[in-house]
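Work through the exercises below with the model open. Try each task before reading its solution.

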Amino acid sequence: MLKKLLFVSILFSGLSLVLVACGSSTASTSSTANTANISGPQIHMGKNTFTQASIAIKKGESLTVVSDTSNQHVIANGTWENDTAKPAREPGAPAVKDIKVEGNTITKLGPFTTAGTFKLYCPLHHNMNLTVIVQ
Ligand SMILES: [Cu+2]
């Protein structure tokens with residue numbers, strides 16, 4: 001009985017560790033691309049592009065990224081410039097550290113708490129760039 005209790009408490013402490021780790025991240029991912037309940041600005045990903053090159057959002061908002069195909073993507077601070085991947089994080093940009101985006105999922109980035117122009121890119125796909133303009 002005591003052993004069982006101990007096991008359960010260890011299990012729960014492990015679980016809460018996982019939850020804390022998720023909470024500190026700047027992105028959250030859900031497993032199905034059901035866009036019905038999304039509030040706020042959203043951008044879509046196709047096979048190897050963002051479906052628009054830039055999006056304007058308000059200061060304090062998060063950006064929802066919807067993956068519309070089964071392709072995997074990665075989102076990070078940086079840009080493709082002249083066919084070269086250039087990781088870079090502007091001052092004030094939320095840290096977007098190689099966030100894996102599986103196919104047909106919804107990922108939230110941010111919040112973007114500083115006004116400015118921030119570049120995000122997908123290192124997996126040539127010239128897959130997104131400019132986020134925070135106003
Ligand atoms: Cu990509």
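Predicted model: local features only at pLDDT ≥ 70, side-chain atom pairs only at ≥ 80, totals over all residues.

Residues are numbered from 1 along each chain as its sequence is written, and side-chain values use heavy atoms, without hydrogens or water.

**Exercise 1. The copper site**

Task: Identify the protein donors of the copper ion and classify their arrangement.

Solution: 
- Step 1. Collect the donors (N, O and S atoms within 2.8 Å of the metal, or 3.2 Å for Na, K and Ca; water is not among the atoms, so sites may look incomplete). The protein donors are His73 (ND1), Cys122 (SG), His125 (ND1) and Met128 (SD), at 2.0 to 2.6 Å from the copper ion.
- Step 2. Check the angles. Four donors count as tetrahedral if all angles lie between 85 and 135 degrees. Here the donor atoms subtend 96 to 134° around the copper ion, so the arrangement is tetrahedral. The ideal angle for four tetrahedral donors is 109.5 degrees.
- Step 3. Read the spacing. Along the chain the donors follow H-x48-C-x2-H-x2-M. His73 sits in strand β5 (residues 73-81), while Met128 is in the loop between β9 (116-121) and β10 (129-134); this pair is 55 residues apart and links distant parts of the chain. Strands are DSSP runs of E, at least two residues long, numbered from the N terminus.
- Step 4. Check burial. Both His73 and Met128 are buried (buried means under 20% relative accessible area, exposed over 50%, partly exposed in between; 1.4 Å probe, protein chains only).

**Exercise 2. Partners of β10**

Task: Find which sense β10 adopts with β3 and with β9.

Solution: 
- Step 1. Apply the criterion: two strands pair if DSSP finds at least two bridges between them.
- Step 2. Take β3 (residues 54-57). Its pairing with β10 is parallel, over four bridges. Ser54 has Thr131 as its bridge partner in β10.
- Step 3. Take β9. Its pairing with β10 is antiparallel, over six bridges. Phe118 has Val132 as its bridge partner in β10.

**Exercise 3. Aromatic pairs**

Task: Classify the aromatic pairs found in a search of the whole structure.

Solution: 
- Step 1. Set the cut-offs. Rings of Phe, Tyr and Trp (its six-membered ring) pair if their centres lie within 6.5 Å; planes under 30 degrees apart count as stacked, over 60 as edge-to-face and the rest as tilted. The search finds two pairs.
- Step 2. Trp80 and Tyr121 are edge-to-face, at 6.4 Å centre to centre with 75° between the planes. Trp80 lies in β5 and Tyr121 in β9, so this pair ties together parts 41 residues apart in sequence. Trp80 is buried at 12% relative accessible area. Tyr121 is buried at 4%.
- Step 3. Phe112 and Phe118 have ring centres 6.2 Å apart and planes at 35°, so this pair is tilted. Both Phe112 and Phe118 are buried.

How values were computed: Tetrahedral: all angles 85-135°; square planar, octahedral: opposite > 155°, others 65-115°.
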